[in-house]
Amino acid sequence: MIVKWLRESIVASWLLLLFRLYVGYEWLTSGWSKVTGGFNAAGFLTGALAKTSGEHPAVQSWWASFLENFAVPNVGLFNILVPYGEVLVGLGLILGGFTWLAAFFGMVMNFAFLFSGTVSTNPQLLLLQIFIVVAGTNAGRIGLDYFIQPYFRNRYGRRR
């Protein structure tokens, strides 16, 4: 019942607009400060790897293996993906363009930060993004998706 309301109600779309604006602002400001202030993920990745030891490690071994064998050797890639990804997620949510996709990739980043042992505002943002993703196209009804979605439906429609 709540899913139907999230996906169809105009009241829900206004509530989701508030969620989008808040979460989008958080992503945009975080990403913009990284883009303009010079961002280097090496310190974050090193810190995450340090959280893999002890009696109650904050970072699980499978994630540490990913960080050690892929993220650290490709830190230059992450130095680009993280700040610009955060800016794009923020813009997508604020403008309501490709809303579902923006929220989904925001969730991916939130999970990555949580897996790396960083709590901060990640759980809160993750929860709000879950509502946006579950709402689907209704989350962007008050935004650019109002115009984008019909275009894609008409152009690419469902093929049987």
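Tutor: What follows goes from the whole chain to single residues.

Student: Okay. What am I looking at, and how are residues numbered?

Tutor: This is a predicted model, in which local features need pLDDT of at least 70 and side-chain atom pairs count only at pLDDT 80 or more, while totals for chains, interfaces and linings use all residues. Residues are numbered from 1 along each chain as its sequence is written, and side-chain values use heavy atoms, with hydrogens and water left out.

Student: How many helices and strands are there in the protein chain?

Tutor: The protein chain has 8 helices and 0 strands. Helices (H or I, at least four residues) and strands (E, at least two) are DSSP runs, numbered from the N terminus.

Student: And what box do the C-alpha atoms fill?

Tutor: Roughly 50 × 35 × 35 Å, taken along the principal axes.

Student: How much of the chain counts as buried?

Tutor: Of its 160 residues, 36% count as buried. Buried means under 20% relative accessible area, exposed means over 50%, and partly exposed is in between, with a 1.4 Å probe and protein chains only. The chain exposes about 9800 Å², and carbon and sulfur atoms supply 68% of that area. Accessible areas come from the Shrake-Rupley method with a 1.4 Å probe; for residues, only the protein chains shown count as cover.

Student: What about contacts in the chain with a separation of 6 or more?

Tutor: Residues 24 or more positions apart account for 74% of those. Contact means heavy atoms within 4.5 Å.

Student: Switching to aromatics. How many aromatic pairs does the structure hold?

Tutor: It holds 16 aromatic pairs. Rings of Phe, Tyr and Trp (its six-membered ring) pair if their centres lie within 6.5 Å; planes under 30 degrees apart count as stacked, over 60 as edge-to-face and the rest as tilted. One of the pairs is tryptophan 62 with phenylalanine 115, which is edge-to-face at 5.2 Å centre to centre, with 70 degrees between the planes.

Student: Where do tryptophan 62 and phenylalanine 115 sit?

Tutor: Tryptophan 62 is in helix α4 (residues 61-71) and phenylalanine 115 is in helix α6 (residues 99-115), 53 residues apart, so the pair links distant parts of the chain. Tryptophan 62 counts as partly exposed because its relative accessibility is 47%. Phenylalanine 115 is partly exposed too, at 34%.

Student: Which kind of pair do phenylalanine 111 and phenylalanine 115 form?

Tutor: A stacked one, 6.0 Å centre to centre and with 25 degrees between the planes. Both residues lie in helix α6, 4 residues apart, about one turn of the helix. An α-helix has 3.6 residues a turn, so residues three or four places apart point the same way. Phenylalanine 111 is partly exposed at 35% relative accessibility.

Student: Which residues do ring pairs link into a cluster?

Tutor: Trp62, Trp63, Phe66, Phe70, Phe78, Phe111 and Phe115.

Student: Back to α4. Which of its residues are buried?

Tutor: Trp63, Ala64, Leu67 and Ala71 are buried in α4. Seen down the helix axis, the buried residues of α4 fall within an arc of 105 degrees, so they line one face of the helix. The arc is that of the directions from the helix axis to the C-beta atoms.

Student: What do those buried residues pack against?

Tutor: They pack against α3 (42-50), α5 (75-95) and α6. The face of α4 turned away from its buried side carries the exposed residues Ser61 and Asn69.

Student: Now glutamate 86: buried or exposed?

Tutor: Glutamate 86 is buried, with a relative accessible area of 1%. Its place is in helix α5. Leaving aside neighbours within four places in sequence, glutamate 86 is in contact with several residues, including Trp27, Lys34, Met109 and Phe113.

Student: And what does phenylalanine 44 touch?

Tutor: Not counting residues up to four places away in sequence, phenylalanine 44 touches Phe113, Ser116 and Thr118. Phenylalanine 44 is in helix α3 and is partly exposed at 33% relative accessibility.

Student: Last one. Which phi does phenylalanine 98 have?

Tutor: Phenylalanine 98 has a positive phi of about 55 degrees although it is not a glycine. This phenylalanine 98 lies in the loop between α5 and α6. Serine 120 has a positive phi of about 45 degrees and is not a glycine either; serine 120 is in the loop between α6 and α7 (122-135) and counts as exposed at 61% relative accessibility.
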